[in-house]
Structures are given as C-alpha cells and as structure tokens.
Amino acid sequence: MICIIALVVFGILGIFSAKYRTIAKEAFDCVFRRLTLRKCTTGLDKRLKSQITGKFMRKRPKLGKFLYRHFEAISWAFTIVLIVSLGYSIYSVGNLFIYGNCNGPIPDAFCVFDPFISGGHGGECTIEGPVGEIMGVLEVHPHDPSVGPEDAKVTIIEAGCFVCPYTKQAVPVVKQIISHYGDSIRFVYKDFPMSSTHPGAQEAAEASHCAHEQGKYWEYHDVLFENQGKTNFEDLLGFAKDLDLNTTQFSECLTSHKYKSQVDGDFAEAFAIGVYGTPTFFINDQVVVGPKTFNEFKQIIDSELARG
Amino acid sequence: MGLDVDKVREDFPVLQRVINGKPIVYLDNACMTLRPIQVIEKIREYYTEYPACGERSMHKLGRKVDEGVERSRETLKKFLNARNTKEIIFTKNTTEGINLVANSLDLKNGDVILGTDKEHNSNMLPWQKLSSRGVKYEIVRSNPDNTFSIENFKEKMNKDVKLVAMVHTSNMDGTTTPMKEIVKIAKDHGALVLMDGAQSIPHHELNMKKLDADFLAFSGHKMLGPSGTGVLYGKEHLLEKLGTFLVGGGTVVDTTHSEAKFEELPQKFEAGLQNYAGIIGLGEAASYLMKIDKENVEKHETELNKRITEGVGDVVDIIGPREAGKRSGIFSFNYKKVDPHEIAMMLDEMENICVRSGAHCVHSWFNTHNLKGSVRASIYLYNTLEECEKFIETLKKVIDAVK
C-alpha cells in the first residue's frame with residue numbers, strides 16, 4: 001500500500017525534480033506488479049517502511065515500534081484517505097471547469113483552485129468595524145457612470161474602491177462581461193471609497209467624476225487602476241493631462257471637491273444596506289462579494305437573463 | 001605496541017563527517033573500505049600534476065606516470081613478498097583477476113576445479129562457465145560450524161583436480177581457510193592453487209613465497225585503495241605459460257595484419273589504457289598498510305568482534321562459528337525471519353550505522369541453507385569500541401521493534 005502513496009507523492013515531486021523520478025518509477029513498477037497479482041520486487045516498500053520507522057525509532061522508539069508493527073494497516077488508512085482526497089479534488093476541478101468554482105452551482109465556500117480565492121471573507125477589502133449581511137440593492141442614479149442600455153434585462157452594479165487591490169483584480173473580468181454580453185446587460189459603477197483603511201480612495205473617486213464631466217470616465221477609471229495607489233493631487237492631475245482633459249477645469253473640480261457629496265452619497269447609500277467591502281456586485285438582486293471568475297458571473301447572469 | 005586507532009582515524013576524512021547531527025559508524029568494510037588522505041592525495045596528484053598516458057608517451061609527464069606505476073608495482077611486490085614485479089599484474093578487481101586465470105589456463109575436458117561451498121560468485125561463475133569445455137566445478141562442503149573441512153577437502157582431491165580455487169577469508173562469515181595446508185595437499189596431488197584474497201589481504205599478512213600458492217587475486221577497494229583497482233599475483237613461470245586474456249593496446253610489441261608479437265610479463269596481461277591514478281593510489285594504500293603491523297590489525301578486529309558477539313550474539317543467529325576469533329572482523333547474522341534489508345536500513349536511519357545486507361554475492365550458500373541473506377557488520381582498523389557499543393545498542397532497539 002505504501003507504494004501507492006509513494007507513486008502519488010513522488011510522481012508529483014518528480015514533475016519538479018528529477019531526483020524523485022527514480023523512486024516514482026520504482027513505485028509505479030511495484031504498484032503495477034501488485035495490480036497484476038505479482039510480488040513487488042523493487043524492495044521499495046521495505047525500504048520506505050524501514051526508513052520511516054527508523055526515523056521515528058530515533059526519537060520516539062515506542063511510536064517507531066508501533067509503526068513497524070502496524071505499517072501495512074497504517075498504509076492502508078493513508079491510501080484510502082489519499083484516494084478519497086484525490087476523488088474529491090477531481091470532483092472540485094470538474095466543478096471549477098463547469099461552474100467556475102470548486103463547490104458546484106452554489107459558490108459559498110473556499111476554493112483553493114480559484115485564482116481569486118473566491119468565497120468567504122478575505123477576498124475583498126473591508127471597512128473597519130463589524131461585518132453584517134447585505135440587505136437590499138443599490139439604486140442607480142442618472143449621474144452614475146454606466147455602460148449598456150437602461151432597459152437591459154440585467155443590471156450589474158459594482159460598488160468599488162479605486163485603491164482596493166481586489167477591486168482592481170475584478171477589472172479584467174468586468175471588461176470580459178461587458179464585452180461578452182454587450183447590450184444584454186447594463187453595468188454601473190458606484191463609489192465605495194474606504195478612506196479609513198485605503199487612504200486616497202476618496203480623492204480618486206472624486207477625480208473620476210471630474211473626468212466623467214469631461215466625458216472620459218471609463219478611461220480615467222482604467223488609468224486609476226493601472227496606477228493604483230497614486231492618488232496625490234499631482235498624480236491625479238497628471239492622469240487628466242495624459243488623457244487630454246482640460247486640466248484647469250479638472251484642477252478646479254478637484255480642489256473645490258465638486259463631487260464630494262455625490263461620492264459620500266454613494267458610500268452612505270451602500271453602507272446603509274450593509275455593504276462592507278469592495279468589490280461588491282449586485283446582479284439584479286443577487287449579491288456577489290469579492291472578485292470572481294468569469295464563469296461564476298456567467299452562471300448568475302445567464303440565470304437572470306433566462307428569468308427575463 | 002598496539003594499534004593507535006585514534007591516530008589512524010585522523011587519516012580518514014570521511015570519518016569526520018556528520019549526517020543528521022550524528023557521526024558515521026562505518027561497518028561495511030568487507031564491501032568497501034574507506035580511503036586515507038594519503039591515497040586520496042596520490043590520486044589528486046596524478047590528476048593535477050601529470051594526468052598523462054603511461055607506457056607510450058616519452059614526454060616528462062608520461063615518464064612520471066611510468067615511474068608512478070612501476071613504483072606501485074614494486075610496493076605491491078614487497079607487500080606480497082613476491083619474487084619479482086613480473087608477478088604483479090594490475091587488474092580492475094578480484095573478479096577480473098580470476099577471470100584472467102580461468103580464461104587463460106590450459107584446462108581440458110575432464111579437468112576438475114575445486115572450490116568451497118561458500119565461494120563468492122566471482123570465484124565460482126568463471127569456473128562454472130568452463131563446463132562448456134567439459135571442465136567440472138566441484139565443491140568442498142564445510143564443517144557444520146561453517147569452518148573449512150580439511151577432511152572433506154582431502155576426500156575430494158584426486159589426479160583430475162587441476163586447480164584449487166578457494167576463498168581465503170570468506171566475505172560471508174569471516175572464516176579463514178587453512179591455506180598453507182591446502183596448498184601442500186594440492187601440490188601433493190599436482191594441482192595448482194588460486195587464492196581469492198579479496199577479504200584476507202586487508203586483514204592478514206600474506207607472504208606469497210611462504211604460502212606457495214600459485215595465484216592470488218584481490219581488489220584495491222577492500223584494502224584502502226581506489227575503486228576499480230586490483231592485482232593478480234601469479235608465479236612467474238606459470239604466468240609465462242598462460243595464454244592471453246584481454247588483448248589490445250599495451251599488450252603487444254608489434255603487429256602485422258595477420259599476427260602479433262606479445263609483450264613480456266606483466267604488460268601482456270594489461271590491455272588498453274590503464275587506470276594510472278588508481279594504480280598509483282593502490283601502491284600508496286599498500287604502503288600505508290605496510291607501515292601498520294597486520295597482527296595488531298587482526299587483534300583489534302577480533303577484539304571488537306568479540307565485544308559485538310558478547311553484546312548481541314545470544315539474540316541473533318550468527319552465520320559461521322560462534323567464536324569471534326574464527327570470524328575475523330565479520331559479524332554476519334539473521335534475526336528470526338526478519339528481512340535483513342529492513343534491519344540494515346533501520347540501523348542506518350537511526351544511527352548512521354552502515355552495514356551490508358543481502359546474499360553478499362554468495363547466493364549459492366544461502367540458497368542451500370534456505371536463507372534470503374544476512375545482515376553483515378564488518379570491522380576494520382579504524383573502527384572503535386564505542387562504535388561497536390553503538391551498534392549493539394541500536395541493534396537491540398531494532399530487534400525490540402521487529403520481534
């Protein structure tokens with residue numbers, strides 16, 4: 001039985017280092033012989049048994065003795081655990097492929113294969129203080145920057161923060177969604193600047209609206225994420241200049257905090273319904289917190305589209 | 001004055017090594033001995049100062065190689081108390097030396113080769129192979145305690161026995177055959193004697209003039225010398241009569257497209273470019289051993305073996321006679337039906353104790369006795385009483401786990 005474990009362990013290690021390949025080959029030979037009802041002749045099983053028990057004997061003689069005497073039974077137990085784990089891993093990878101997360105249709109738990117570490121808390125930037133449940137949906141105002149027709153079947157509202165790394169992580173997926181669904185959806189971005197934990201978030205949000213009034217919201221939005229963390233006045237003005245905005249107007253807009261009340265309003269509104277971190281997405285009335293894979297979003301959007 | 005083990009140990013760099021915070025306890029000397037710094041330096045010197053061809057190149061470096069090889073041959077002549085350097089043929093190991101004799105000796109249909117029942121494969125297969133020529137290979141059964149039976153040997157001797165090819169000291173159990181007596185009986189029957197000296201040369205004083213054996217084969221790596229080196233000693237007049245074995249560059253004076261004029265001894269048996277670094281290192285190893293009184297080495301090994309035998313002799317099944325004095329530095333044993341490899345690996349894993357396990361290339365004996373093999377601890381001049389105590393203590397722990 002120990003040869004099966006050795007085959008898996010050294011087989012994986014052998015991918016990365018040639019020194020384990022010989023043992024992996026021996027283990028394969030041993031397993032193959034056992035499967036074909038022949039005796040394992042490599043001696044690998046005995047070698048592993050002696051080496052493992054010998055290591056324990058050195059410091060914990062009683063444990064070493066126990067291991068030696070029950071080695072086969074312990075090997076069986078580990079083999080069963082290994083096979084079950086492997087089966088579960090294969091099932092999870094299958095789910096990831098089909099549903100976009102390890103856990104099947106309902107992505108409500110941690111998924112190690114998820115590049116964004118989806119599910120649970122920890123994959124988003126949070127505000128200070130206790131975290132509660134999100135109750136309700138954000139309202140879309142005429143001044144909110146958006147893409148897509150107002151009467152689209154599905155409206156996706158993102159509450160984001162320009163200084164939050166998780167919001168930045170979600171940007172490519174959001175672009176993929178917009179590109180994939182086109183006019184079938186409407187995407188709206190709302191500010192949730194968590195200035196206490198992410199300094200500069202308020203300034204960046206206000207600056208984005210200063211760009212919006214000159215018709216270049218989404219360009220400025222992208223520049224802010226590309227240069228995440230650069231939020232002092234010179235930086236923000238520099239980005240405007242790079243985008244050929246009227247810098248005098250932009251500068252006045254920034255220094256006068258023209259959009260402060262709008263940004264504060266977005267934050268207060270979101271906070272009121274329980275939004276605690278970014279990015280938080282509202283897909284019609286379904287809430288998704290943290291960056292997710294395209295497939296995960298797709299599952300929800302498609303079901304909303306189908307519901308009509 | 002006895003053997004100064006502490007001083008000897010200073011010459012062996014590997015003994016200073018620590019693995020997993022523990023020193024090495026090297027008890028696998030019957031397989032391979034460690035090398036003193038003097039031998040290592042000689043080899044390094046060859047590769048760094050004159051790594052050239054011998055016997056061919058006339059330049060300074062080539063001449064220096066020739067000097068080194070011939071000095072080594074001279075040292076080995078003294079080491080064996082041979083008559084002259086023509087009797088010293090460099091080989092790559094004991095196996096090659098025995099094969100050289102087996103393939104070059106004029107043996108005919110009906111001739112008998114006599115060995116013991118515990119020959120190493122290297123001193124059995126070359127003779128068994130001659131059965132295609134009608135040459136018979138027969139064995140002399142040992143006494144019940146595994147010592148050599150001179151009575152059984154006498155019974156086996158007859159006019160058909162042309163060669164007695166026997167192990168001097170067994171690598172399996174450490175028993176030593178009474179070679180002087182064997183040689184006398186063999187001579188009385190007109191048979192030649194070949195000694196497999198692989199295990200005896202590192203531990204016993206061998207005086208080939210006194211022993212009067214016709215051939216002796218041994219390896220360098222079992223006597224503090226480099227791997228891939230060995231010597232075939234043979235009486236000059238017998239070597240002269242032997243046909244050639246491996247032929248090629250270095251073995252001939254001249255050739256035409258149809259024939260060759262072979263070199264004199266010993267070159268006619270040393271075909272191809274030689275292991276010069278090894279040969280020079282082997283000479284240094286012989287030199288090193290000549291400075292140490294072999295009687296003291298034997299005494300030291302026996303004392304340590306006695307201690308091991310007292311310590312665990314009652315717990316395990318010793319292979320060979322119970323008296324440690326009859327087993328040289330070898331303690332070969334089994335514990336019930338436990339796989340010898342398991343015991344050996346646990347000793348290594350627990351305390352870096354290096355021993356050999358398996359059939360030790362004497363499968364024929366183990367098969368006859370229905371055994372898989374044994375665990376073998378083999379002692380040499382640098383081993384200490386403390387190491388033996390460590391071996392005893394650890395082996396007891398292993399036995400406690402596997403019993």
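Start with Ile12(A), which lies in helix H1 of chain A, residues 2–16. Helices here are DSSP runs of H or I with at least four residues, and strands are runs of E with at least two, both numbered from the N terminus. This is a predicted model, in which local features need pLDDT of at least 70 and side-chain atom pairs count only at pLDDT 80 or more, while totals for chains, interfaces and linings use all residues. Residues are numbered from 1 along each chain as its sequence is written, chains are lettered from A and ligands numbered from 1 in the order in which they are written, and side-chain values use heavy atoms, with hydrogens and water left out.

Show the surface of Ile12(A). Is this residue buried, partly exposed or exposed? Ile12(A) counts as partly exposed because its relative accessibility is 46%; buried means under 20% relative accessible area, exposed over 50%, and partly exposed in between, with a 1.4 Å probe and protein chains only.

Together with Ile12(A) they make a nonpolar surface patch of about 370 Å².

Colour residues 2–93 as domain 1 and 125–307 as domain 2; the bounds come from an automatic or database domain assignment. The centres of the two domains, taken over C-alpha atoms, are 52 Å apart. Along its principal axes the C-alpha trace of chain A spans about 85 × 45 × 35 Å. Its radius of gyration is 28 Å, whereas a compact globule of 308 residues would have one near 19 Å. That radius is taken over C-alpha atoms, and the globule rule is 2.2 Å times the number of residues to the power 0.38. Buried residues make up 43% of chain A.

Move on to chain B, with 14 helices and 17 strands. Its radius of gyration is 22 Å, close to the 22 Å that the globule rule gives for 403 residues, so chain B is as compact as a globular protein of that length. The C-alpha trace of chain B spans about 70 × 55 × 40 Å along its principal axes. Buried residues make up 57% of chain B.

Notes: Patches are made of residues with over 30% relative accessible area and no salt bridge: like charges are joined within 9 Å, nonpolar side chains (Val, Leu, Ile, Met, Phe, Trp, Tyr) within 5 Å. Accessible areas come from the Shrake-Rupley method with a 1.4 Å probe; for residues, only the protein chains shown count as cover. A salt bridge is a side-chain nitrogen of Lys or Arg within 4 Å of a carboxyl oxygen of Asp or Glu.
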